[in-house]
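Dear colleague,

Please find below the structure that I am handing over to you, with its sequence. My notes on what was found in it follow directly after.

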Amino acid sequence: WVEGRESGFRRRCQGLMAARPPGPQESRVPRPMDGGGGEKGNRMSHVATPTESMTVPSFRARKGSGTPLVVLTAYDAATTAAAEGGGADAILVGDSLGMVVLGYDSTLPVTMDEMIYHTRMVVRGAPRPLVVGDMPFLSYQTSIEDGIRNAGRFLKEAGAAAVKIEG
């Protein structure tokens, strides 16, 4: 039942996106940084096409290629579907969800469990963009072991492709 509902939502979003005028994402064509096969080699061998999933290597290859990366923030599957339909290359699930979604006065009270929950929702709604989970306050500052364990939770429990830390 949930799959059917999600598919219907995706179809509606895709229908809306098809009705809009062509945007910049249609004109983006990945290009080799040095023309391909030159002195540096073809550094664009990992670049994702608009239908492939963005990976960490393809994201890194695009970073210096001159082709802009589109990175947006989302906290749920519905916003993620709209971001993906708009051509997002990566989606950050930021600890700002504490203020935007959870009603906290700051990002300090955000827990790992809350971040994992929201990151999991975004991953389910984003088959193509690279999903990055934001490590909340004191999830990595207390020790290297805590940082590794919590980063691993983003990858294993939430399905994120990468994590972001500050500092």
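A nonpolar surface patch of about 330 Å² is formed by M99, V100, V101 and L102. Patches of this kind consist of residues with over 30% relative accessible area and no salt bridge, nonpolar side chains (Val, Leu, Ile, Met, Phe, Trp, Tyr) being joined within 5 Å and like charges within 9 Å. Accessible areas come from the Shrake-Rupley method with a 1.4 Å probe, and for residues only the protein chains shown count as cover. L102 belongs to the loop between α5 (97-100) and α6 (112-125); its relative accessibility is 31%, so L102 counts as partly exposed. Here buried means under 20% relative accessible area, exposed over 50%, and partly exposed in between (1.4 Å probe, protein chains only).

Please note that this is a predicted model, in which local features need pLDDT of at least 70 and side-chain atom pairs count only at pLDDT 80 or more, while totals for chains, interfaces and linings use all residues. Residues are numbered from 1 along each chain as its sequence is written, and side-chain values use heavy atoms, with hydrogens and water left out.

Overall architecture

The protein chain contains 7 helices and 4 strands, which run α-α-α-β-α-β-α-α-β-α-β from the N terminus. Helices (H or I, at least four residues) and strands (E, at least two) are DSSP runs, numbered from the N terminus. Of the 167 residues, 37% count as buried. The chain exposes about 9,700 Å², of which carbon and sulfur atoms supply 59%. Among contacts (heavy atoms within 4.5 Å) between residues at least 6 apart in sequence, 58% join residues at least 24 apart.

The expected span is 1.5 Å times one less than the number of residues. Among the buried residues of α6 are M112, M115, H118 and V122. Helix α7 (residues 144-158) has 15 residues and reaches 20 Å from its first C-alpha to its last, close to the 21 Å expected. Its buried residues are G147, N150, A151, R153, F154 and A158, and their cover includes α6, β3 (130-134) and β4 (162-164). After α7 comes G159, with a positive phi near 85 degrees.

Nonpolar cores

A nonpolar core is a set of buried Ala, Val, Leu, Ile, Met, Phe, Trp, Tyr and Cys residues joined through side-chain atoms within 4.5 Å. The largest has 20 residues, and I91, V93, M115, V122 and F154 have the most contacts inside it. At least two residues of this core come from each of β2 (90-93), α6 and α7, and α6 gives the most, with 4 residues. Apart from this core lies another, of 6 residues, including M54, A90, L130 and A162. Leaving aside neighbours within four places in sequence, M115 is in contact with V93, G94, D95, L97, V110, D134, P136 and F154.

Salt bridges

The whole structure holds 7 salt bridges, each being a side-chain nitrogen of Lys or Arg within 4 Å of a carboxyl oxygen of Asp or Glu. R128 pairs with D89, with the closest N and O atoms 3.4 Å apart. Because R128 lies in the loop between α6 and β3 and D89 in the loop between α4 (77-85) and β2, this pair ties together parts that are 39 residues apart in sequence. Both partners are buried, R128 at 11% relative accessibility and D89 at 2%. D113 forms a salt bridge with R153, the closest N and O atoms being 2.7 Å apart; D113 is in helix α6 and R153 in helix α7, so parts 40 residues apart in sequence are tied together. K164 and D134 form a further salt bridge, at 3.3 Å between the closest N and O atoms. This pair links strand β4, which holds K164, to strand β3, which holds D134, 30 residues apart. K164 is partly exposed at 27% relative accessibility, whereas D134 is buried at 3%. Salt bridges with shared partners join R62, D89 and R128 into one network.

Two further residues

T73 lies in strand β1 (residues 71-73) and touches T79, I91, L92 and G94, not counting residues up to four places away in sequence. L138, in the loop between β3 and α7, has a positive phi near 65 degrees although it is not a glycine.

With kind regards
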